[in-house]
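This report goes through a structure from its overall dimensions down to single residues. Please look at the sequence and the structure before reading on.

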Amino acid sequence: MKKGMRKLFVSLAALLLVVGIAANTMEVDAKAPYRTYTIDGYGLITETQTAYLPYQTITKIGDELLSGPTDFCLTNDGYMYILDSGNKRVVVSDMEANMVMTFGQDVLVNPRGLYVTGDGTCYVADRDARSIFVFDKEGTLINTYGKPNHPLYGETQDFLPQKIVVNESGTMYIICESNTNGIVQISPVDGGTFLGYFGTNATNASLWDIVWRMLQTDAQRAKSQGNIPATPDNMAIDEKGLIYSVTRGEKYDTLKRLNIAGVNMIQADAYEEVPAAVAVGNHDNVFVASSQGYIYEYNNEGEMLFVFGGSDDGQQRIGLSTKVEAIQVDSENRIYVLDSDKAQIQIYEPTEFTNYLHEALYLFSKGRYTESKVPLQEVLKMNNLFDYANMAMGRALIQEENYEEAIKYAKLAKDFDGYSDAFWEIRNEWLKDNLVTIILLIIGLWVLKKVVNVLDKKKGILNGPRKVLAKIGSVKLIKEMRYMFYFMRHPIDGCYGIKKEGKVSLLSANLLLTIGIIFFVINKYFCGFLLKLPREGEYDVASDIGIIIIALLVVVLCNYLMCTINDGEGKIKHIYCSFIYSFAPYLVFMPFIFAISHVVTYNEVFFVEFATLFMTIWIALLVFISIREINNYTIKETFWIIFLTIFTILIALLLAFIIYVLWSQVFDFIQALFGEVVYKIGS
Amino acid sequence: MVAKLKNKIAIALALVITILIAEFSLFAPVEVNAAKSINGHNYVTENDRYVLYMNEDYLSIIVEDKVTGAYMESAMSYDDGKNNKTWIGAMQSALVLTAVYSSVDTQQVDLINDECTKKITYTDNGFTAEIFWKKYQFGMTLEVSLEDDGVVARVPDESIVEKTNQYYIGTISIYPYLGHSYLDSKAGYMFLPDGNGALIYLDNKEARFSSGYSSMIYGDDVGFIDSEVTSLLWGKYEMVNDPNKILAPVFGMAHTDEGIAFLAVVEEGAERATIEAQPNGVNIDYNRIYAKFIERKLYTQPLGNDSSSGTIKLTEEDRSHSDLQIRYLFLSEENANYAGMANAYRNYLLGKGALTVKDTSYNTRIDFLGTEREDWLIGTSSVVMTTVDDIYGIYDDLESANVTDIISVYKGWQKGGLYDIPITKYKADGDIGGTDDLTKLIKDSQERGISLYLYNNALKINPDEQNATFNVVKRINKRKLTEKTYRDVYEEFNYLTPARSKTLVNKFVDSYLKKKVSNLAIAGITNNVFSYSYGGDFYTRYNCADSYKSLIEQIDGKTNLVLEQPYAYLWEYADAYLDMPLYTSDYIYEDESVPFMSIVLKGVIPVYADYINFEANKHEFFLRMVESGSFPSFYITKESSSDLIYTNSNDIYSSEYDVYRDTIIEYSTELKEISEKTEGAYIIGHEIFDSQIRKVTYDNGVVIYINYARTGQSADGYTIDAMSYKVVE
C-alpha cells in the first residue's frame, strides 16, 4: 500500500510537470454546439452555416487561474491585458497564455474596466477607489485621476468609474455607474480636466406616459420615478476615434456609433436586450456580446450579419458562455470573449464562409463592386439565401449595369431600393427599344377603329355583336350589377333606385362583394413587388375573406340597429346593398391600380398612392350619402348616426371579447375537472 | 510477586503474539501469495489471460492481467480523505441504486451504508450474489462471470424484487467505479460514444467542471420530455444544437501507462440506460465511467390543457422489464487503447452476427430533393427542385467527368412532396415525371451501376396532409407527441405508433416490389426510440426498439436497404450507413475526438458522412472523411436552392448542382483513389500526435497521415503539408 502510494505521488508529480506546461489552452475540433442566424430582408431571423467556430479556451495564464475577470484588452504587439478583478490586479500575458507580468495589486480596490493604448499605457477604472489609475508599460503607477471638481460635473454626482476608453490624444471616456448624464470625458491636461458629458442617451416618453403625467397631481409627479436616461453599459473606440457604446433597454438604439459631437451614426436592424460589451472589427464591422453569451456581428450600416453563441444552461459545451463581460477582436478576425463566471477567455475563429464574407464586406465598403463579386459569389455558393450577399451582389450588378441579373438578387434580398433602381433601368431600356412599336401600334389601332366605324356606318358590320351585347345587358342580374356605374356617379338617385325602384337585388350585391373580395386578394398577394405588403410566400386568404365579411356584417348590423332607433327609414336589405354599391369605385379603380403597381418604381409610386386616395375619398362620400339617403336623414343626423355606429361596434367587440374569455374559462374548468376525474379513477 | 509478574509477562507476551499472528494473518496473503488476493479482494477464477478477484463485503471485483500484472479495480482503494460516507459507499459497492420514495428518486442505496443481506455462491467461472435491502424491501441477484474475452456482469430481470409500495428501484449502476483512477495518478482516458467517439484524458482537471457526461443510450426519451428548456434567442429561436445521440451502447476506460483497458458493451437493457462519465473534480477527485440502468422514471403529469392548471409528479407505474447485462471486453498492452476498443467491438459484433460484411467499394453519395411545397392562395403549391430527367442529366454529366461510382437517395419523390408523409404506396409526384418514369430511372441507373434509393421517413406523420387523429403516439403523460418545426408551411409533425409504421411500410414495400424495384432508404425509425402510450396502454423503449427491429428485419429480406444514422441494433441490416457524424458534441470536458464508430464499420459496411453542403469548413471536413474512411455525401437540387425559401426546407441554403459539380468531381476522384487502396481493409491502428497529425493504419499495411495543422508537419519521417494528407503503402 505504502509503496503504491509513493509510486502514485511520483507519477503525480511527474504528470503535473508535464501537464503544467501544455494545458493552459484547449483546442477543439470543428463543429459548433450553437447555431448561427442571420437576418433576412423582412427583418426575420433565418439560420445560416456556422460563422465562427470555437478555436481555443484560455483558462489559465501561466500557472495561475483568473478570478472573476471583468475586462481585458488586446494590444497590437501581441499582448493580452486582463483585469483579474477577483485578485485585484492586471495580468499581462502573450497570446499563448504565458504569463508576462502582473501589476496593480497594491493599488486596485474594485477594478471594473481597463484600456491599453498603443504605447502600452494601461488605464484602469476602479469603482470603489473612485479613481482612474494609469500604469506605464512596466506596470508602474504614473497617474491617478479622481472625481472632477468642475461645476458642470455636478457636486452631488458620485464618481464610480466602470469602463474606460482613451483616444489618441489621451482624452479619457469613462462610463460611471449611476451617472445618467452620459459618458464622462476627461482630458489629461492639468491633472485631469473635465471636458463635459458625451453621448447622453435620450429619454423616451411614450404617449401613455405623457397622458399619465398630465393627469397626475404635482405631488404624484414628484413621487413617481423620474424618467431618466439610461447609463451605457460598455463601449469601444475605433482607429478613427469614434466611440461605440451599448446601452441596455434602448431597443434599436442599443448600439451607437458616436462621432466627435456625440451624435449617433448607426442604426442597427436587430438589438440585444442585455448587451455586455462591444468591439470594433477589422472590416468596419462591429461586434456586440450579450451577457448571456450571444455574439452579434453588424456591418458598417448596422445590418446584422450573424448572431451566434448561447448561454450554457448546464450543458457544458464549448463555445457557450455563462456571463460575458468583454469582447475583443484580433488582427486575424478572431473573437475573444471574456467570461467572468467561467473565468476564461473563449476564442472563436471565423470559418471559410465568414472569411469570404469579410473580404466582400471590405471591398464593397471601399466601393470596389466588381472585385467584391468574386468573394460574394463564393458566399452565395455556400448560402444562396444569405441576405447581405444577395443585396451586395444586386448593388454590384447595378453598378455594372447588368440590371436583369441585379433585379433577381434585389428581389431575393428584399432590397426594395435596389429593386426599384434596377427596375427603372430595365423599364427604361424596354421603353427605348419598344417606343416605335408602341406608337405604331397606337396609330394602327386608331386607324382600325376609324375603318371599323366607317364600315359600320355603311354596312352595319357591328350590328351582330351589338345585338348580343344588348341581349346580355338586358339580363336582369347584369342590369342590376351594371347599376353600380350609375350609383357611383349619381348616389342620391342611386339610393332612390335601391330604396324604391328595386334596381338591385341581394344576389347582385353579393356577386359584387365576391368580385370585390377576389380583387382584394389578388391585389394583396400579386401586386407589384415594391408595393406588396405581405411577405413573399405568405398567404392567409381564409382570414382575409373572413375579416372582410365579418367586418361588413358588423358594420351593417350596427348601423341598422342605430338607424332603427333613430327614425331611419332604411331596411336592412337596403342598407346592406347600398353599402356594397358604395364600394363601386373600388371595383372600377382596383384593376388599374393593380396593373400600374407592376410597372411603377419608387419614383412614380405617387400615381398609385394618389389613385388609392382618390378612390378612398369617393367611397367614403358614397357611404355617407347612402346612409343619409336610405334613412332620409339630415347631414347632422348622418354624422350622429355614424358616431353611434362606431360606438356600437366598439361595444359589440367588447361584448364578444368578454363572452370569449368567459367561455374559455368554463371550457378549461370542465377539461381540468375531467382530467382529474380520469386520473383519480385511473389510480 | 514474581509469579504475578511472570503471569503478567506471559499475558503480555500472549497478547503480543496474538496481535502479531492476527496482523500476520491479515497481511500475510498480500505478502506471501500476491496472486491470490489484491487490496482485500480474493481470488475467484481465471482464464488464459486474466484473473478475477472479489471482495465479499462489497462484491467489488478486480481484474488482473496475468502477463503484465496490471489490474483494474471496481472499488476505490486509495482514499484521499475528502470523501463522505455516501461517496465512499458509491465508490466501493458493486451495485449503486437510487430508490424512488414519494416521487423523489435521489436516495442512494448501496451495499455499504445500507443494511442488506448477501448470499454468495461461487460458480465455475465466477459468482452470483443474491442481495436484499431490508429497509427498502427490494433486492436482486448479481451474476459475475469471467469469460474468454472478459467479464460479464448481469442482473436478471426476474431476480429483481420490490416488496413494498413505499420504495421502488429508480436506477441501478453496476460496477460504477470499475477502472476508476484518482486525479492524474494514471495515464489514459475514458472513451465515450459521443458522436463518432470522444476521449476524456485522465489528467488533473483542477476542478474545472461541475458536471460530467450523462446521456441516454440511443438518444433522449421524447416520451418523457415535457418542455424543452433550451437557450432561446429573443425568447424564440433555438440557439443550441442538440448533442449527438449515442449510436452504440459502448464505453471504455484505458490505463495506457499500465497497458490495460476495457470496452464495456451494454448487452441487455441498453435502451433504458445512460452512460455516465465523470472526470475528476466533478464532486470527487476520481475519474469514472459507467452505465446506469433506469428502472423507473419520474414524469410530470399536467392536469389540464393550459399551463395554469397545474401538474403533479408521478412515477412510472411499472418498472421496465429487461435483463441488465454489461460485457467488459478487456484489452492488454498494444491493444489497450481506443483503436483496440473499436477493433474489439467490431470483432464482437461480427462474432455475434450483429454485423455482416457488405460490399464496401467506393461510391459518392449524391442525394436529390424532388419536390417541396410552399403556401399558396388556397392550400399549397409545388416547388419542383429535381425531376427524373434532371437526374438523368446529372448522371450523364458526371459520367462525362469520369464520376460513375454513385449512390443516391431520392427525397421528396412521392406524390405531395417531401413532407407528404407517411408514404403509403409507391406513387411518384407527377411534377418529377410520375411513377413509371421514376421506375425506369431506378432500373436504368442500376444498369449503369448506380443505386438510387427512395427515401421514406417511416416515423413521422404530417397532420396537415394526412389524418393524424388515430395511430399517433402520445407521451407517457397521455399528451399527443408533437414536434414543432418553427417553419411556415407545416408547423408540426406527429409520430406514428410503431405498429402503424410497420403496416404502412409493408404496404409501401409491397406496392414498390410490384414494379420490380427494391432500393429503399429508411429514416426516422432507424434512430428514434421512445416510450409512449397508445389506447390506454404504456409501451417502453424496449417495445419500440423491438418493433422497429422486426420491421427492418422483415423488409431487409425483400429490399436493398440503406439506413439513415441507424442505432447499433440495426447495423446488420444496413447495406450502407448514411449520415455518420464525424465530430463530437463539443462538451468542454472532452479532450479529443476519435473516429471510433468509423473504425468499427470501415471495411464492414460503407459509411457515408453528413452532407458537405452545410459544412462551413469544407476542407477540414474533407480531411475528416479521409481520416475516418467515410464516403462523401452531397444534397443536390437541379434548381437553385433559393427556390426553397418559402418552403419547410428553407434550411437547405445551398444545394444547386451547378454550384457543386466541380466539388463532386474533385472529392470523388481524390477519395476514390484513397479508398481503392484500403478497400475491404479494417483500420487496426489510430494515433494522434501532438503536432495535430493523425495516423491511421489499415490491416493491409496502408498508412494514412492527416495533418490538421496550418503548417507543414512531419511524422515517422514523412512530411505532410498543411491541412493535407499522405497515403503510405
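## Overall dimensions of chain A

Chain A has a radius of gyration of 36 Å, whereas a compact globule of 683 residues would be near 26 Å. The radius is taken over C-alpha atoms, and the globule rule is 2.2 Å times the number of residues to the power 0.38. Along the principal axes, the C-alpha atoms of chain A fill a box of roughly 120 × 70 × 70 Å.

This is a predicted model: local features need pLDDT of at least 70, side-chain atom pairs count only at pLDDT 80 or more, and totals for chains, interfaces and linings use all residues. Residues are numbered from 1 along each chain as its sequence is written, while chains are lettered from A and ligands numbered from 1 in the order in which they are written.

## Composition of chain A

Chain A contains 17 helices and 28 strands. These are DSSP runs numbered from the N terminus, with helices being H or I of at least four residues and strands E of at least two.

Of its 683 residues, 38% count as buried. A residue is buried if 20 or more other C-beta atoms lie within 10 Å of its own, exposed if 12 or fewer, and partly exposed in between, with C-beta atoms placed from the backbone.

## A helix pair in chain A

Helix α15 (residues 584–597) of chain A packs against helix α16 (residues 605–631) of chain A at about 175°, and their axes are 10 Å apart. Axes are lines fitted to C-alpha atoms, for helices over the stretch in contact, and angles run from 0 to 180 degrees between N-to-C directions. The two helices, α15(A) and α16(A), are therefore roughly antiparallel, a term for angles over 145 degrees.

Residues of α15(A) in this contact include Phe589(A), Phe592(A) and Ile593(A), and those of α16(A) include Met615(A), Trp618(A) and Ile619(A). Contact means C-beta atoms, placed from the backbone, within 7 Å.

## The barrel in chain B

In chain B, eight strands close into a barrel with parallel pairing, in the order β27-β30-β31-β35-β38-β39-β41-β42. Strands pair if DSSP finds at least two bridges between them. Strand β30 (residues 406–411) of chain B is joined to the parallel strand β31 (residues 451–457) of chain B by four bridges. Ser408(B) stands opposite Leu452(B) in β31(B).

## Asp405 of chain B

Asp405(B) lies in the loop between α4 (388–400) and β30 of chain B. With 17 C-beta neighbours inside 10 Å, Asp405(B) counts as partly exposed. Not counting residues up to four places away in sequence, Asp405(B) touches Tyr362(B), Asn363(B), Thr364(B) and Lys672(B).

Terms used:
Angles under 35 degrees count as roughly parallel, over 145 as roughly antiparallel, 65 to 115 as roughly perpendicular and the rest as oblique. Two residues are in contact if their C-beta atoms, placed from the backbone, lie within 7 Å.
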